[in-house]
Amino acid sequence: MISFSLSLVALILGYLLYGRFVERVFGPDNRVTPAVAKADGVDFMVLPSWKIFMIQFLNIAGTGPIFGAIMGAQFGPAAYLWIVLGCIFAGATHDYLSGMLSIRHGGANLPEIIGCYLGNATKQVMLVFSVFLLMMVGAVFVFSPAKILGGIWEPAFFVEQFGPYVFWVVVVFAYYLIATMLPIDKIIGKIYPLFAFSLLFMAAALLVMLFVKQPAIPELWTGVSGELLTKDRLFPCLFITIACGAISGFHATQTPLMARCVKHEKMARPMFYGAMITEGVVALIWATVAMFFFYDSPNPGYATIAGGEAAINDAPSIVHMICNDWLGVFGGILAMLGVVAAPITSGDTALRSCRLIIADFLHLEQRSIRSRLYVCVPLFAITMALLIWQMADPGGFKIIWSWFGWSNQTLAVFTLWAITVYLVRNGKNYFITLIPALFMTVVCTTFFFAEKAFSLTDELMWVVAAAALVVSLVWFGVWYKKHSQTNSK
């Protein structure tokens, strides 16, 4: 528990100290924001700062800092280091600066921002990349809540005619369509703060129980006694497994939603940097809870909870078991709310972001319902087709989730490089994103070649990692030299 306590303090200090430093590097001012200048009553509108924080937190969190942290805890206490260092120096910095760049560019979506700094060709690639990533989010975050709800109740007629879970899939998709179409303050602005509060309350309750129970979990300096439960390599797999809670490219697709609702630039640090640090705290709590479940001494938690051993690789079941065991009936309700509402809310904002990205690309105004339908109908049709394939193929969910994890972190790579270019062009301290950009480039490249494309040995994996680092440094060095020469003329 000492490692956990130190990590918790580090995250808080990271917000207070490094977050303020990052804010000074960017330099927010009193210029008119898009929420005021482009107010349209649909996507651009001023919202209260507390509401923006809660919506932003739920948008970027969902079940990511829960499921990812649980599976990442299988790597042992190393998960603490990645959550803390990744969140402070990479994830929160990534979220704050991508949000601020969106504000500075009139509420622009991520592909537009990347196009401004990495070129039009990269913009087109990221446009396609972002759209497919967001559709994957919409698809993967439908089936798990539908399966849970179907286990509780489902109309017999639907089960007989169409099979299990179809009723709830239809219900969730109907909600997606409504939430994606309506102005942001009608559904998202009203119910998201409630769901965010529930997620935070559940984390706070577990935090209290951790200090009450004081489980004998591994410390950073002791490590795990015996073998790890995962056979995956620490590098690069840990840095892909724990995305939300450390750094996630998906967040950069969500920040423009709230960047279009911020009244003053100087209000943005708590909303963007602060929301990510809060997500890091949630991830840290769940990683510690999972450490109890996997590695508590003298007996791991799964051995003390009925059915626990069968759920070692099933994150939703672990959530349900722990909350029921530690928090009772009320905890079980909170767990159900978390594993059902959180993915649904992540899915609907993902598809809303997707609608806005496509509309911006096609130059379609979004004031009228007809224009929104032009985008939503084909968008939902493709997402539904992806979901049907996933449900038909027994390994479909695993395949989509695996590629989603890599795509998510790859998107963060491009976002970090775009922000780095912006900082260089504006004479600001670019090292705050250059170092995370280099690290995540190495992680994503190594994961793709060593884990996805080929099953490389450890020696070859490190060769790929070194090559990715050298190529990235040379690319940046050549560009930086050319930029400096151009500016000196």
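**Entry 1**

The model I am reading is predicted, and I kept to its conditions: local features need pLDDT of at least 70, side-chain atom pairs count only at pLDDT 80 or more, and totals for chains, interfaces and linings use all residues. Residues are numbered from 1 along each chain as its sequence is written, and side-chain values use heavy atoms, with hydrogens and water left out.

I then searched the whole structure for aromatic pairs and found 33, taking rings of Phe, Tyr and Trp (its six-membered ring) as paired if their centres lie within 6.5 Å, and calling planes under 30 degrees apart stacked, over 60 edge-to-face and the rest tilted.

For the helices I used DSSP runs (H or I, at least four residues; strands would be E, at least two), numbered from the N terminus. Axes are lines fitted to C-alpha atoms, for helices over the stretch in contact, and angles run from 0 to 180 degrees between N-to-C directions.

Helix 4 (residues 64-72) packs on helix 13 (residues 268-295) with the axes 8 Å apart and an angle of about 40°. The two helices are therefore oblique to each other, given that angles under 35 degrees count as roughly parallel, over 145 as roughly antiparallel, 65 to 115 as roughly perpendicular and the rest as oblique. I recorded their crossing as right-handed; a crossing is right-handed if the near helix is turned clockwise from the far one by less than a right angle, and left-handed if anticlockwise.

In this contact (heavy atoms within 4.5 Å), helix 4 contributes P65, I66, A69 and I70, while helix 13 contributes E279, V282, A283, W286, A287, A290 and F294. I sorted these residues into ten nonpolar, no polar and one charged, with Ala, Val, Leu, Ile, Met, Phe, Trp, Tyr, Cys and Pro taken as nonpolar, Asp, Glu, Lys and Arg as charged, and the others, Gly among them, as polar.

**Entry 2: helix 5 and its two partners**

I next followed helix 5 (residues 78-104), whose axis comes within 11 Å of that of helix 11 (residues 234-241), the two crossing at roughly 55°. That makes helix 5 oblique to helix 11, and I noted the crossing as right-handed. A78, A79 and W82 of helix 5 meet L234, L238 and F239 of helix 11, and by class this contact holds six nonpolar residues, no polar and no charged ones.

With helix 12 (residues 250-259), helix 5 has its axis within 8 Å at a crossing of roughly 45°, which again makes helix 5 oblique to its partner, helix 12. This crossing is right-handed as well. From helix 5 the contact takes H94, D95, S98, G99, S102 and I103, and from helix 12 it takes H251, A252, T255, P256 and A259; I counted them by class as four nonpolar, six polar and one charged.

I looked up T446, which has its place in helix 17 (residues 431-453) and is buried, with a relative accessible area of 0%. Leaving aside neighbours within four places in sequence, I found T446 in contact with F235, P236, E451, M461, V464 and A465.

V172, in helix 9 (residues 166-181), counts as buried at 4% relative accessibility, and with neighbours within four places in sequence set aside, V172 is in contact with V142 and I344. I also took the separation between the C-alpha atoms of V172 and C261, which is 26 Å for residues 89 apart along the chain.

T122 lies in helix 7 (residues 120-152) and, with a relative accessible area of 19%, is buried. Its contacts, neighbours within four places in sequence again left aside, are I114 and F414.

Terms used
Buried means under 20% relative accessible area, exposed over 50%, partly exposed in between (1.4 Å probe, protein chains only).
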